[in-house]
Amino acid sequence: MNRILIVKMSSMGDVVHAQPLATDLRAQFPDARIEWVVESAFSALPAMNPAVDEVIPLSWRRWRKSLGKSETRAAMQAFWQTLRGRRYDWILDCQGLLKSAAVVRMARGGVRVGPDRASAREPLAALAYDRPVPVPRDWHVVRRNRAIGAGAFGYSIDTPARFGLTVPHLGIDEAPWLPQGRPMALLVTGASRDAKLWPEAQWLEVAVPLQRAGLDLVWFWGSPAEEARARRLADAAVQAAGAQATASVVPPFLSVRDAARVIRMARIVVGLDTGFTHLAGALGRPTIGIFADFDAVQCAVSGDSFCASFGGVGVIPATADVLAAVDEGLKATPVDTPAPAAPPAGG
């Protein structure tokens with residue numbers, strides 16, 4: 001039986017993009033044991049993939065800020081002992097950074113595979129691999145991740161990418177803030193950099209037609225600044241829609257796992273180029289991605305349902321294009337749209 005380690009540590013969208021690699025490997029090697037090293041903040045993502053047998057979290061983003069502390073050294077030692085306590089047949093790095101290459105060299109095992117010098121984001125990382133794989137830079141990011149497995153084992157990746165993620169139903173009693181009775185549109189208006197933002201006036205130009213189509217709105221956020229923006233837009237959307245306004249809700253802060261459970265319930269998702277938007281596509285939601293500071297082709301939102309991406313570096317997507325995609329997305333059939341699970345009798 002092959003024992004395979006995948007190394008893809010961050011960021012959220014990048015970890016989402018790598019999930020079809022595990023699905024490919026499971027299809028090729030049904031009896032393999034597949035493990036995944038990932039930043040603890042994103043450990044819920046590979047845990048959603050039935051192809052992954054075990055998730056090994058690390059917290060390098062936090063550790064590097066406190067290397068002198070005894071608790072940090074203890075946590076790093078525990079990670080080292082976990083990784084060194086097992087032996088792999090194959091170690092696949094689909095990140096191509098020095099930090100991921102360090103984990104690859106730390107792991108005990110057979111063949112180490114990763115992007116070659118011309119393909120890796122940090123070319124020196126390629127020195128860590130026994131089998132460097134050429135990965136064309138003009139391929140979509142999902143295909144680039146899949147190419148590492150194909151390069152290791154020689155199988156084809158001409159088939160459609162399958163994310164295969166599963167998340168449990170969200171009970172009404174677990175999220176009393178969720179609106180009830182209408183389909184839900186999820187709006188992801190925050191991003192890691194201001195350059196990725198879309199003008200608030202354009203968000204309202206999308207929110208009002210969604211309300212008029214009878215959808216409740218849920219506005220995701222992940223930082224205090226994003227929460228303030230979401231609340232501002234949620235209130236403005238109700239005022240702009242007037243008598244046709246539906247519920248416009250800003251949720252509490254959600255873990256990645258709970259956010260995925262909410263996303264899975266959405267009838268449609270409109271979001272910036274950020275992890276939650278890419279996760280929505282991976283979960284089979286009809287998803288429209290808005291790119292204002294990144295490649296909207298190579299990093300386009302992808303998944304098993306309708307997906308569309310607009311914009312690019314320095315290109316602000318037009319509202320008309322997004323609205324046309326919203327109309328098309330609402331006609332599409334999402335993959336496995338669940339209703340909120342009712343609370344237990346007597347609960």
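Is Gln211 buried or exposed at its relative accessibility of 2%? Gln211 counts as buried (under 20% relative accessible area, with exposed meaning over 50% and partly exposed in between, for a 1.4 Å probe and protein chains only). The model is predicted, with local features requiring pLDDT of at least 70 and side-chain atom pairs pLDDT 80 or more, whereas totals for chains, interfaces and linings use all residues. Residues are numbered from 1 along each chain as its sequence is written, and side-chain values use heavy atoms, without hydrogens and water.

Gln211 lies in helix H8 (residues 200–212), helices being DSSP runs of H or I with at least four residues and strands runs of E with at least two, numbered from the N terminus. Beyond its neighbours within four places in sequence, Gln211 is in contact (heavy atoms within 4.5 Å) with residues including Leu217, Ala237 and Ala241.

In helix H9 (residues 224–241), the buried residues are Glu226, Arg229, Ala230, Leu233, Ala234, Ala237 and Ala241. They cover an arc of only 135° around the axis, taken from the directions to the C-beta atoms, and therefore sit on the same side of H9. These buried residues pack against H8, strand S8 (216–220) and strand S9 (248–249), while the face turned away from them carries the exposed residues Pro224, Ala225, Asp235 and Gln239. Gly242, which follows H9, has a positive phi near 60°.

Helix H11 (residues 275–282) is largely enclosed by the rest of the structure, because eight of its eight residues are buried. Just after H11, Gly284 adopts a positive phi of about 85°.

Note on methods:
The expected span of a helix is 1.5 Å times one less than its number of residues.
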